[in-house]
Amino acid sequence: MKRFSLLLQSEFKQFLTAPVVHLIAIIQPTLMYILMSVIMVVPTFEMRIVNPSSEIGNDFLAAVEEVGSPIGPDYIEPVLVDDAAPGYRQVVEILEIGEKPTALQRYGYIDSNLVKNLRNRLTASLLVLWNIELGDQGITIQEYPWLPNDIPYTVYFGMAMIPLAAYLAAAMIGGYLMAQEFESGTILTYRLCPTSPLLILAAKITRLLITALAAVVILYGTLGLITGVWSSSFLALLIILTPLILIASCIGLIAGMVTRSALPSFLIALASAFAFWLIGSGFGLAAGFSPVFEKISRLIPNTPVIEMLFPYFYFGRQVAAHPLGAKLQLAGYTITLSLVVILVYRARVLSKER
Amino acid sequence: MHRLWILFKTEFNVWRHDPITAMGGIIPCLFILIAFALLFGGRLSFPIAVINNDRGDYGNLLIETFPEVISPLDNQPYYEVKPLSENQAWKAFEEYRIEGIWIIPEDFSERITSGKNPSIDMHFMNYNDDRAKNHRIYSAEILWAFYQEIGLSAPPLEMAEQYPLPEMVDWVSIISIGIVLLSVTLGGIFNMFILTYKAQMGKITLEMGLSPRSLAWVLVPKTVLATFFGLVTGTIFLVIIRVWLGFWPGGNIGAVWLIAGLVAVFWIQVALTFGLIAKNYMAGAIGSVLGAMIVFFIGGGLSMVRAHKDAVTWIAWLFPNTYAVDPIRDLVLFNTWPADFYPVLLKLLGFAVISVLLGSLFSVRKLRKLS
């Protein structure tokens with residue numbers, strides 16, 4: 001135990017060889033979250049509407065104000081303009097087309113997602129008018145949302161970035177420091193020292209675990225301060241993230257040992273961290289996207305981790321279809337990668353052939 | 001000139017010895033493109049269950065309406081009605097295997113016919129407000145189509161649309177151009193790293209610092225080569241997009257190279273300067289790469305800057321990517337000449353010139369100091 005403790009201290013001292021790398025790896029996801037939470041998708045959209053001159057046009061404007069969430073924000077912020085050109089986005093003009101009063105929406109060079117959002121809002125506004133005209137014949141949708149309020153997207157986004165923070169810190173620092181040992185020649189010390197390789201690897205991984213948890217704590221605190229939403233159990237959060245950090249540490253160490261060069265190992269850590277984040281439910285729960293996406297997403301360790309974190313941020317609501325399966329999956333990945341890291345260590349560090 | 005050529009060849013040989021890192025502009029970008037294509041490129045219909053208790057025909061007619069209402073996002077219906085029994089539906093909803101449940105009451109048809117406030121219960125997922133918003137506004141699309149289907153009186157205001165192209169440009173394509181620019185940026189940064197990191201590791205920076213000649217002899221070939229390879233990575237990415245998504249700038253490729261090249265020059269200088277300031281070159285490298293990634297996300301990588309100007313944070317305007325990304329989209333996706341091409345070009349030139357001046361100043365001072 002004493003030897004392990006000394007090894008751990010030595011591992012932590014490596015912070016001094018690359019303090020900036022440590023700080024960047026730990027803080028980058030938090031910085032990204034702060035910046036992205038400012039621009040995060042919000043349900044309220046600006047819609048340019050040509051100043052109406054008719055009564056039906058004024059009715060339309062009144063209907064636009066009705067479109068929104070009964071337990072959240074309005075969905076349209078009308079911007080009245082005089083020019084009927086769509087500009088870079090869109091414009092709605094009330095015209096007579098074929099003797100029928102029509103709301104014509106002209107789009108600029110925009111993408112299908114923006115068209116969808118603008119079309120849906122226009123339809124919802126026109127439906128308000130139609131329902132008024134239909135009176136008692138108009139259909140009412142009685143809403144029963146899953147949660148008592150619509151939760152801002154920044155909450156989910158931040159929660160799904162916590163695994164990214166954990167992964168990035170562990171994989172990047174692990175890969176970088178391991179590669180640095182080869183570049184600076186200190187790897188020879190490991191080869192010559194009479195300590196068990198398992199103990200050395202355990203110290204390295206433990207140190208990465210603690211570093212990654214520091215990154216998690218910083219992002220978690222920022223998320224809470226920005227959104228006011230805190231996990232119902234902080235300890236559970238740390239426990240759930242532990243297997244992911246172990247997986248990331250192993251991937252980082254393997255990259256460092258295989259490439260023996262800081263830049264490619266950084267590249268591997270970066271590419272895997274962002275790919276895992278995006279595919280691993282980073283923008284929404286995997287079940288909410290296409291079936292193909294969901295299948296692939298479930299292979300990524302981030303997805304089960306996010307599903308396990310979900311109840312702690314969302315009033316205890318479960319979303320994992322197979323909670324036990326997710327736990328087994330994470331355990332399987334952790335054990336397999338731990339074995340691989342030992343094998344790679346033997347082949348790349350302890351082997352007589354270099 | 002001969003000296004410059006020798007330096008070019010030396011730098012090129014350094015580059016050849018680290019091909020994996022030279023792929024720095026491609027590998028992360030390809031992963032990101034694949035991830036976004038998987039996220040937003042597939043079928044995005046909301047899976048729901050419909051519990052139809054209606055004694056009349058309108059309930060069935062409503063169910064038949066769901067597949068007929070098509071979203072422009074993916075040319076698929078907004079909703080995919082899953083054939084589930086009531087118990088299965090509730091279980092699936094609670095486990096979030098479906099997005100919602102619509103319950104049609106037994107007197108639905110009767111109330112429509114007699115005009116007695118017909119209603120539908122909509123249970124839906126609102127774990128994020130964007131998804132909740134989609135449920136609310138998608139349901140309006142369904143009702144709009146349903147009213148027309150059952151022949152109610154015409155709406156007081158009809159709806160019409162005009163899109164400037166015969167075919168709509170999809171969201172993944174918009175993101176892919178953001179990634180092309182990221183690819184050029186990362187390509188430039190990574191290639192600058194290869195060229196300078198090796199020099200630092202081999203202590204050649206000492207020789208550079210002692211050189212009696214201007215350090216421009218060393219910095220110009222590095223900058224030119226890094227920009228060139230940044231553009232090569234970006235072009236490889238454009239070819240990937242041509243094959244995958246079918247977009248190509250055609251005769252406008254020169255303009256794309258010009259815009260993207262100026263962005264690359266900016267980032268190459270940032271990488272060089274930070275690398276030298278940070279003493280530990282890798283720290284600067286990692287900082288600039290992750291900085292470029294952040295700028296991708298906040299500076300129009302995921303959506304058009306012009307169409308969401310109000311959502312662009314002021315920090316994003318401090319980087320050239322935010323100005324460059326939409327004109328490149330015009331050239332590649334919409335095949336139109338950007339209306340703001342020359343103003344944007346001037347801004348990008350300004351960014352490039354300032355970064356070259358400041359970058360050279362810092363780098364030369366640092367290199368001379370190291371010696």
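Predicted model: local features only at pLDDT ≥ 70, side-chain atom pairs only at ≥ 80, totals over all residues.
## Helices α2 and α5 of chain A

The crossing in which α2(A) passes α5(A) is right-handed.

On the α2(A) side this contact is made by A:V21, A:H22, A:A25, A:I26, A:Q28, A:P29, A:T30, A:Y33, A:M36 and A:S37, while α5(A) supplies A:T154, A:F157, A:G158, A:M161, A:L164, A:A165, A:L168, A:A169, A:M172, A:I173 and A:Y176. Sorted by class, the residues of the contact of α2(A) with α5(A) comprise 15 nonpolar and 6 polar ones, with no charged residues.

## The largest nonpolar core

The largest nonpolar core holds 241 residues, and those that touch the most other members are A:A166, A:A169, A:A212, B:V263 and B:I328. Helix α5 of chain A, which spans residues 153-184, gives the largest share of this core, namely 23 residues. One of the core residues named above, A:A169, also belongs to the α5(A) side of the contact with α2(A).

In chain B, the core member B:I328 is in contact with B:I177, B:V180, B:L181, B:V256, B:I259 and B:A260, when its neighbours within four places in sequence are left aside.

## The contact between the chains

Chain A brings 92 residues to the contact and chain B brings 91 residues. On the side of chain A that touches chain B, the elements giving two or more residues are α2 (19-39), α3 (55-66), β4 (100-107), α4 (112-134), β5 (140-145), α5, α9 (262-279) and α10 (291-297). The largest share of that side, 17 residues, comes from α4(A). Divided by class, the side of chain A that touches chain B has 64 nonpolar, 15 polar and 13 charged residues.

A:V258 lies in helix α8 of chain A, which covers residues 234-259, and counts as partly exposed because it has 17 C-beta neighbours inside 10 Å. A:V258 and A:I26 are 232 residues apart in sequence, and their C-alpha atoms are 24 Å apart in space. A:R260 counts as partly exposed, with 18 C-beta neighbours inside 10 Å.

A:A262, in helix α9 of chain A, counts as buried because 28 C-beta neighbours lie inside 10 Å. Leaving out residues up to four places away in sequence, A:A262 touches A:Y176, A:A179, A:Q180 and A:E183, and also B:M282 of the other chain. A:A262 and A:M178 are 84 residues apart in sequence and 8.1 Å apart in space, taken from C-alpha to C-alpha.

## An exposed loop residue

A positive phi, near 65°, is also found at A:E99, again a residue other than glycine. A:E99 is placed in the loop between β3 (90-97) and β4 of chain A, and A:E99 is exposed, with 6 other C-beta atoms within 10 Å.

## Two oblique helix pairs in chain A

Helix α1 (residues 2-13) and helix α7 (residues 197-227) of chain A pack at an angle of about 50°, their axes being 9 Å apart, which makes α1(A) oblique to α7(A). The crossing of these two helices, α1(A) and α7(A), is right-handed. Residues A:R3, A:F4, A:L7, A:L8, A:E11 and A:F12 of α1(A) form the contact with A:L199, A:I200, A:A202, A:A203, A:K204, A:T206 and A:R207 of α7(A). By class, the contact of α1(A) with α7(A) has 8 nonpolar, 1 polar and 4 charged residues.

Helix α11 (residues 302-313) and helix α12 (residues 323-350) of chain A also have axes 9 Å apart, and they pack at an angle of about 135°, which makes α11(A) oblique to α12(A). The crossing of α11(A) and α12(A) is left-handed. Here A:P304, A:E307 and A:M308 in α11(A) meet A:A326, A:Q329 and A:L330 in α12(A), and the residues of this contact divide into 4 nonpolar, 1 polar and 1 charged.

Technical notes:
Residues numbered from 1 in each chain as written. Chains lettered and ligands numbered in written order. Axes fitted to C-alpha atoms, helices over the stretch in contact; angles between N-to-C directions. Helix = DSSP H or I, 4+ residues; strand = E, 2+ residues; numbered from the N terminus. Parallel < 35°, antiparallel > 145°, perpendicular 65-115°, else oblique. Left-handed = near helix turned anticlockwise from the far one by under 90°. Contact = placed C-beta atoms within 7 Å. Nonpolar A, V, L, I, M, F, W, Y, C, P; charged D, E, K, R; others polar. Core = buried A, V, L, I, M, F, W, Y, C linked by C-beta atoms within 7 Å. Buried ≥ 20, exposed ≤ 12 C-beta atoms within 10 Å, placed from the backbone.
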